[in-house]
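Please look over the structure shown below, together with its sequence, before reading the report.

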Amino acid sequence: MRINQFGYLLKEGIKGVFSHGFRSFASVAVISACLIIMGAFSMVALNVNAFIGDMEDDSQVLAFVDDALSEEDARSLEGYIRSISNVEDVAFVSRAEAMENYKATFEDQTLFETIDETAFRHRYVVYLNDITLMDSTAEALRAVGGIAEVMAETRIARGFIAVRNVVSIVALVLSLILLVVSLFMMSSTVKLAAFTRRDEIAVMKMVGASNSFIRIPFIVEGLVMGILGAGISFLLEWFIYNMVSSRIALSLGSNLAGKLFTALPFAQVMTPLLIANMVIGILIGAFGGAMAIRNYLKV
Amino acid sequence: MVILKDVKVTYPGNKKPTLLDLDLTIRDGEFVFLVGPSGSGKSTIIKLLTGEIRANGGKIKVNRFDLRTIKRHNLPKLRRTLGVIFQDFRLIDDMTVYENVAFAMRVVGASDQDIRKRVPYVLKLVGLENCGSRLPRELSGGEQQRVAIARALVNSPETIIADEPTGNLDPAKSLEIMLLLRKINELGTTVLVVTHEKELVNAFGKRVVVLENGVLISDEEGGYFGKRDE
């Protein structure tokens with residue numbers, strides 16, 4: 001295809017968007033609406049993931065060493081613990097350190113005058129790579145000779161995992177449904193455009209136009225609408241996200257919940273959101289346009 | 001050049017064939033009238049020649065293309081060697097006369113420079129050199145058919161196929177169109193005209209092929225159409 005021919009087809013496609021005024025507007029509006037809903041669920045999923053990621057960074061398993069082991073023997077277990085998969089980092093805390101840490105949480109130090117460090121055990125603070133594998137990692141720690149007891153908050157981990165799974169599945173299912181709706185809407189718009197131009201298409205076929213020559217303006221029309229929809233939805237998502245995240249921050253305030261949860265700044269999610277919107281918008285536009293024109297190319 | 005040999009066409013759901021063992025050869029530069037009553041198979045022949053339908057049997061060659069084996073993606077190449085004219089003109093309403101003709105060149109990838117050179121020439125050939133900026137609805141039926149002829153002609157086809165080109169025109173305009181087609185033929189293009197117009201056919205004294213019930217019943221140089229009714 002020659003450059004001047006491609007330029008002509010591009011122009012025809014763009015002209016098509018504006019000559020089908022209301023239909024194009026409706027199509028762009030539906031695509032924007034679908035992308036906003038998809039984007040909203042993706043934002044929730046991203047924030048939940050980030051939140052769980054933070055929790056993972058902070059989550060730790062405590063492995064208490066058998067009382068019978070000396071500090072030197074207890075320290076020698078570190079290599080075994082490090083070799084367990086899913087262990088990201090390990091910190092040894094001796095009896096004395098454990099007592100100091102404990103005492104530091106109280107103001108009145110006279111409470112500990114009669115207690116010595118033997119009340120505490122040597123321990124390892126074990127940091128995990130993946131919180132979802134907390135159960136199996138705890139089991140592996142228990143199996144290490146010299147570890148007397150393992151303390152892992154698996155219940156909380158399971159709760160987070162459940163929340164993350166539900167959000168991810170809902171986001172995925174909803175996105176797929178909305179993708180089909182957008183595709184259908186785009187295809188209907190271009191199909192109508194193709195129907196109103198069926199005589200023109202028949203003439204094109206009769207004078208020897210190739211299928212790609214006929215198809216390209218409709219694909220361009222779909223693409224322009226897809227990109228417009230993606231751009232509009234991105235701007236609205238930006239506005240809505242900032243508004244919602246500032247409201248959440250305001251309502252949680254500086255209490256514990258506010259300290260635990262902070263929405264990701266928009267700048268951090270902006271690039272993936274824009275890329276996702278554009279890719280989906282372009283795909284919907286191109287496929288919708290190509291699907292719509294298919295029936296007219298059979299003669 | 002058009003060659004049809006033992007061509008059979010039966011439409012799905014029909015027991016009776018629409019065309020039966022049809023043999024017809026049109027040599028380069030010929031002017032041929034294809035006539036016959038409704039349902040005789042004339043339109044089917046046009047659809048076969050333009051690759052809209054495929055035959056159930058026999059051989060068909062149109063301007064170097066073997067239509068038994070032609071691949072779908074080569075149909076545009078076949079159609080670029082043909083110029084097709086319809087009874088209802090099939091012009092694009094929101095394009096000017098110039099744009100309607102230029103459109104056919106654009107479709108086949110002609111450059112802007114070639115379009116600017118060729119379209120005025122063809123419009124002059126059909127006598128519409130002053131109508132380039134007008135819309136089809138502003139023209140008479142005869143003028144609209146001239147635009148359609150210009151469009152069919154603009155890519156210099158080897159063969160022009162005219163399907164009832166005068167069906168919507170009064171006798172005077174019909175004669176004008178037929179004279180124009182003869183002029184095009186004299187310039188070297190093969191012309192096949194499907195028509196019902198007895199007077200026109202008989203006035204021109206060209207080769208006449210008569211079809212009836214899908215069978216070729218007469219093929220005569222300087223033939224006469226309408227003997228059966230008279």
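This is a predicted model: local features need pLDDT of at least 70, side-chain atom pairs count only at pLDDT 80 or more; totals for chains, interfaces and linings use all residues.

## A helix pair in chain A

After H9(A) comes Gly253(A), with a positive phi near 60°.

H9(A) packs against helix H11 (residues 266-293) of chain A at an angle of about 155°, the two axes being 7 Å apart. Because angles over 145 degrees count as roughly antiparallel, H9(A) and H11(A) are described as roughly antiparallel to each other. Their crossing is right-handed, and the contact of H9(A) with H11(A) involves 21 nonpolar, 10 polar and three charged residues.

## The sheet of chain B

In chain B, six strands form an open sheet of mixed pairing in the order S6-S7-S8-S3-S9-S10. Strand S6 (82-85) and strand S10 (215-220) of chain B are the edge strands, each pairing on one side only. On average, and with direction ignored, neighbouring strands of this sheet are turned by 15° against each other.

Within the sheet, strand S7 (residues 159-163) and strand S8 (residues 190-194) of chain B run parallel and are joined by five bridges; Ile161(B) has Leu192(B) in S8(B) as its bridge partner.

## Helices packed on the sheet

Helix H1 (residues 42-49) of chain B packs on the sheet, where it touches strand S3 (31-35), S7, S8 and strand S9 (207-212) of chain B, and its direction makes about 145° with that of S7(B). Helix H6 (residues 171-186) of chain B also packs on the sheet, touching S3, S7 and S8 of chain B, with its direction at about 155° to that of S8(B).

Methods: Residues are numbered from 1 along each chain as its sequence is written. Chains are lettered from A and ligands numbered from 1 in the order in which they are written. Helices (H or I, at least four residues) and strands (E, at least two) are DSSP runs, numbered from the N terminus. Two strands pair if DSSP finds at least two bridges between them. Axes are lines fitted to C-alpha atoms, for helices over the stretch in contact, and angles run from 0 to 180 degrees between N-to-C directions. Two residues are in contact if their C-beta atoms, placed from the backbone, lie within 7 Å. Angles under 35 degrees count as roughly parallel, over 145 as roughly antiparallel, 65 to 115 as roughly perpendicular and the rest as oblique. A crossing is left-handed if the near helix is turned anticlockwise from the far one by less than a right angle, and right-handed if clockwise. Ala, Val, Leu, Ile, Met, Phe, Trp, Tyr, Cys and Pro count as nonpolar, Asp, Glu, Lys and Arg as charged, and the others, Gly among them, as polar.
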